[in-house]
Amino acid sequence: LSAMDAIGKLGLKGAGTLIFDLVAGENHPDAVRRAALALLDTLYDPRLSEAVAAAGTSAVSSLRLAALPLAARLSPAASIPVIETLLAEGNQAEQRAAFNAIDTLADPRAADLVAAALDRLDRGEVAVGVQLDLLEIAGKRSEEPIKERLTRRETALAADPDPLAPY
């Protein structure tokens, strides 16, 4: 890790191939792979997209989490399927990262993802630990389908006889 820190500080772009191999190599420690991915971004390495794709399909959750914001920034359209998968199948940390990525995503399909997540919330299919993340992201959106779902949810909660239902 110290060597990668030095490479980054010195801007040694010639080390890109070695750094890429660290990201792609499943036999390297997770922390090394995450640091290598961040270093490729720092160096503006031309293989960053390829490294992000490799990290995004890794079996290591922390590496996928590190790749998600980079994927959303580099190719919003290509990150949509990854975000969909994380929202549907990911653990709470992955779902939280997916919602954060949606918040920065400049793709019209992001609204569809939020609307679908609100539908899952209404059905009780969103983990408690990420419900607030979803509601905060949805509250920032201006698309009509999302506004309609939020209004419908608020109306249903206000009509609930349980005084704590809105909370």
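Modeller: Asp119 forms a salt bridge with Arg149, and their closest N and O atoms are 2.7 Å apart. Asp119 belongs to helix H8 (residues 109–122) and Arg149 to helix H10 (residues 144–159), so the pair ties together parts that are 30 residues apart in sequence. A salt bridge here is a side-chain nitrogen of Lys or Arg within 4 Å of a carboxyl oxygen of Asp or Glu. Helices are DSSP runs (H or I, at least four residues), numbered from the N terminus. The model is a predicted one, in which local features need pLDDT of at least 70 and side-chain atom pairs count only at pLDDT 80 or more, while totals for chains, interfaces and linings use all residues. Residues are numbered from 1 along each chain as its sequence is written, and side-chain values use heavy atoms, with hydrogens and water left out.

The pair is part of a network of salt bridges that links Asp119, Asp122, Arg149, Arg152 and Arg153. Arg153 also takes part in a contact between helices (heavy atoms within 4.5 Å): in H10, Ile146, Leu150 and Arg153 meet Leu135, Ala138 and Gly139 of H9. By class, this contact of H9 with H10 has 4 nonpolar, 1 polar and 1 charged residues. Ala, Val, Leu, Ile, Met, Phe, Trp, Tyr, Cys and Pro count as nonpolar, Asp, Glu, Lys and Arg as charged, and the others, Gly among them, as polar.

The axes of H9 (residues 128–140) and H10 come within 9 Å and cross at roughly 125 degrees. Axes are lines fitted to C-alpha atoms, for helices over the stretch in contact, with angles from 0 to 180 degrees between N-to-C directions. H9 and H10 are therefore oblique to each other; angles under 35 degrees count as roughly parallel, over 145 as roughly antiparallel, 65 to 115 as roughly perpendicular and the rest as oblique.

On to the other helix of the opening pair, H8. The axes of H6 (residues 76–89) and H8 come within 10 Å and cross at roughly 10 degrees. That makes H6 roughly parallel to H8. Ala77, Ile80, Ile83, Glu84 and Leu87 in H6 meet Arg109, Ala110, Leu113 and Arg120 in H8. The contact of H6 with H8 has 6 nonpolar, no polar and 3 charged residues.

Back to salt bridges, the count comes to 14. One of them joins Glu94 to Arg64, with the closest N and O atoms 2.2 Å apart. Glu94 lies in H7 (residues 92–104) and Arg64 in H5 (residues 61–74), so this pair ties together parts that are 30 residues apart in sequence. Glu94 counts as buried at 4% relative accessibility, where buried means under 20% relative accessible area, exposed over 50% and partly exposed in between (1.4 Å probe, protein chains only). Another salt bridge is formed by Glu50 and Arg47, with 3.3 Å between the closest N and O atoms. Glu50 is partly exposed at 43% relative accessibility, and Arg47 is partly exposed at 28%.

Helix H5 also holds Arg73, which is partly exposed at 49% relative accessibility. Not counting residues up to four places away in sequence, Arg73 touches Asp41 and Leu48. Tyr44, in the loop between helix H3 (30–42) and helix H4 (48–56), is exposed, with a relative accessible area of 67%. Phi of Tyr44 is near 55 degrees, a positive value in a residue other than glycine.

How values were computed. Helices (H or I, at least four residues) and strands (E, at least two) are DSSP runs, numbered from the N terminus.
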